[in-house]
Amino acid sequence: MRVLRRDGTVCELSEDQILYITTFQKVITVHTRDGEYIFPTTFEHVQRVIESLGFAKLDRSFLVQLEKISRYDAERRVVHFDDAPGISAPVSEPNVAKVVDFLKDKKSETP
């Protein structure tokens, strides 16, 4: 995926590096363990493309890579990520069951 660094230079990210994608004031930001990048397109376009790669819309402006989720904090209603301690993403009420079911299935697949 071709994205922009904050200084405007272009770089390539693999989908595996992405934890989640957000939109704020029509700016799409790709969040990785190591930093943030700008994705010059619309949130709707990103959502159509990236959902087939294992991402899910967990909040109005958050697309999260489900395989990267390590746990769900029900009190704060956020997900935490396997390889990014201290980074979390919100989960809206209608999407709580999606996260809980995903983590239950992920846990049952682990030997």
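User: Two strands pair if DSSP finds at least two bridges between them. Through how many residues does a hairpin join S6 to S7?

Analyst: This is a predicted model, in which local features need pLDDT of at least 70 and side-chain atom pairs count only at pLDDT 80 or more, while totals for chains, interfaces and linings use all residues. Residues are numbered from 1 along each chain as its sequence is written, and side-chain values use heavy atoms, with hydrogens and water left out. Strands (E, at least two residues) and helices (H or I, at least four) are DSSP runs numbered from the N terminus. S6 and S7 (residues 62-65) run antiparallel with four bridges between them, and the hairpin joining S6 to S7 goes through two residues.

User: Which residue in S7 stands opposite Phe55?

Analyst: S7 covers residues 62-65 and is joined to S6 by bridges. Opposite Phe55 stands Gln65.

User: How far apart are the end C-alpha atoms of helix H2?

Analyst: The expected span of a helix is 1.5 Å times one less than its number of residues. H2 (residues 96-109) has 14 residues and should therefore span 20 Å. The model agrees, with its end C-alpha atoms apart by 20 Å.

User: Which exposed residues does H2 carry on the face turned away from its buried side?

Analyst: Buried means under 20% relative accessible area, exposed over 50%, and partly exposed in between (1.4 Å probe, protein chains only). Val96, Val99, Phe102 and Leu103 of H2 are buried. They cover an arc of only 135° around the axis (taken from the directions from the helix axis to the C-beta atoms), so they lie on the same side of H2. The face turned away from that side carries the exposed residues Lys104, Ser108 and Glu109.

User: Asp16 forms a salt bridge with Lys68; how many residues apart are they?

Analyst: A salt bridge is a side-chain nitrogen of Lys or Arg within 4 Å of a carboxyl oxygen of Asp or Glu. In this pair the closest N and O atoms are 3.4 Å apart. Asp16 is in the loop between S2 and strand S3 (18-24) and Lys68 in the loop between S7 and S8, a separation of 52 residues.

User: Which helix holds Lys106, the partner of Asp82?

Analyst: The closest N and O atoms of the Asp82 and Lys106 salt bridge are 3.2 Å apart. Asp82 lies in the loop between S9 and strand S10 (84-90), so the pair ties together parts that are 24 residues apart in sequence, with Lys106 in helix H2.
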